[in-house]
Amino acid sequence: MQNHTPLLLLGASLGLIQGARIFSHRDHDLPPNLAEWPSHFEGAALHLIEPTEFEKSFAANFPGDIATFRSAGRQIILRRATRGTRRLHASETCLRAAGYEISSRKIDLENWLTYYAKKNDQILHVREQITDGSRNWNSPSPWFWHATLNPKSGPWIATTVITPVKSL
């Protein structure tokens with residue numbers, strides 16, 4: 001059984017889901033093709049993880065929708081923001097609060113922030129990025145200012161990929 005603690009701490013959650021389609025009070029604000037989550041990520045099928053009550057509570061105040069999936073041994077968190085918000089924060093903030101030590105922060109060639117999070121004998125490789133489909137941000141702060149000053153350029157998808165690893 002996989003440990004879902006990082007997901008809980010990241011506020012990974014969703015509205016009422018049937019399959020991979022999300023139903024929430026925000027659906028009417030989105031074009032029909034944006035109201036659905038993808039079925040695959042990086043060539044692997046996405047399998048929905050049901051949210052906890054805490055995660056549902058977090059999602060109720062998030063300006064958009066959140067869903068968490070399993071895929072090829074990884075956990076994928078997708079957060080769709082419909083406006084600039086400080087509630088879209090970096091995963092490392094939550095992982096640090098949960099006692100994880102963050103190391104090896106890097107920006108890769110595709111503008112993903114990547115790092116390792118370690119707690120006891122658990123090591124996670126984490127990648128995250130925010131995109132509007134044409135532009136990418138590797139940190140919530142510059143994205144926030146762009147989204148606030150350019151509200152019609154969204155919605156934006158923040159993707160966090162958590163892969164358990166054996167060792168650094």
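Here is a walk through this predicted model, from its nonpolar cores to one helix and then to its salt bridges.

Let's start inside. In soluble globular proteins, nonpolar side chains tend to be buried together. Here the largest nonpolar core has 23 residues, and the members that touch the most others are Leu 88, Leu 95, Tyr 115, Ala 117, Leu 124, Ile 130 and Trp 143. Two or more residues of this core come from each of β7 (74–81), β9 (113–119), β10 (122–131), α4 (140–149) and β12 (156–165). There is also a second, separate core of 9 residues, with Trp 37, Phe 41, Phe 69 and Trp 112 among them.

Now look at helix α2, which spans residues 53–60 and has Glu 55, Phe 58 and Ala 59 buried. Those three sit on the same side of α2, because they cover an arc of only 100 degrees around the axis. An α-helix has 3.6 residues a turn, so residues three or four places apart point the same way. On the face of α2 turned away from the buried side you'll find Glu 53 and Ala 60, which are exposed.

Next, the charged residues. Side chains of opposite charge can pair when their charged atoms come close, and the whole structure has 6 salt bridges. Arg 127 is buried, at 14% relative accessible area, while Glu 42 is partly exposed at 49%. Arg 127 also touches Phe 41 and Trp 112, and both of those residues belong to the second core. Arg 74 is another of the residues that Arg 127 touches. Salt bridges with shared partners link Glu 42, Arg 74 and Arg 127 into one network.

Two more pairs are worth a look. Asp 65 forms a salt bridge with Arg 80, with 3.9 Å between the closest N and O atoms. Asp 65 is in strand β6 (residues 64–71) and Arg 80 in strand β7, so the pair ties together parts 15 residues apart in sequence. Asp 65 is buried at 1% relative accessible area, and Arg 80 is buried at 3%.

Finally, Glu 92 pairs with Arg 105 in a salt bridge, the closest N and O atoms being 3.0 Å apart. This one ties helix α3 (residues 91–97) to strand β8 (residues 101–107), because Glu 92 lies in α3 and Arg 105 in β8. Glu 92 counts as buried, at 7% relative accessibility.

Key
Residues are numbered from 1 along each chain as its sequence is written. This is a predicted model: local features need pLDDT of at least 70, side-chain atom pairs count only at pLDDT 80 or more; totals for chains, interfaces and linings use all residues. Side-chain values use heavy atoms; hydrogens and water are left out. A nonpolar core is a set of buried Ala, Val, Leu, Ile, Met, Phe, Trp, Tyr and Cys residues joined through side-chain atoms within 4.5 Å. Buried means under 20% relative accessible area, exposed over 50%, partly exposed in between (1.4 Å probe, protein chains only). Helices (H or I, at least four residues) and strands (E, at least two) are DSSP runs, numbered from the N terminus. The arc is that of the directions from the helix axis to the C-beta atoms. Contact means heavy atoms within 4.5 Å. A salt bridge is a side-chain nitrogen of Lys or Arg within 4 Å of a carboxyl oxygen of Asp or Glu.
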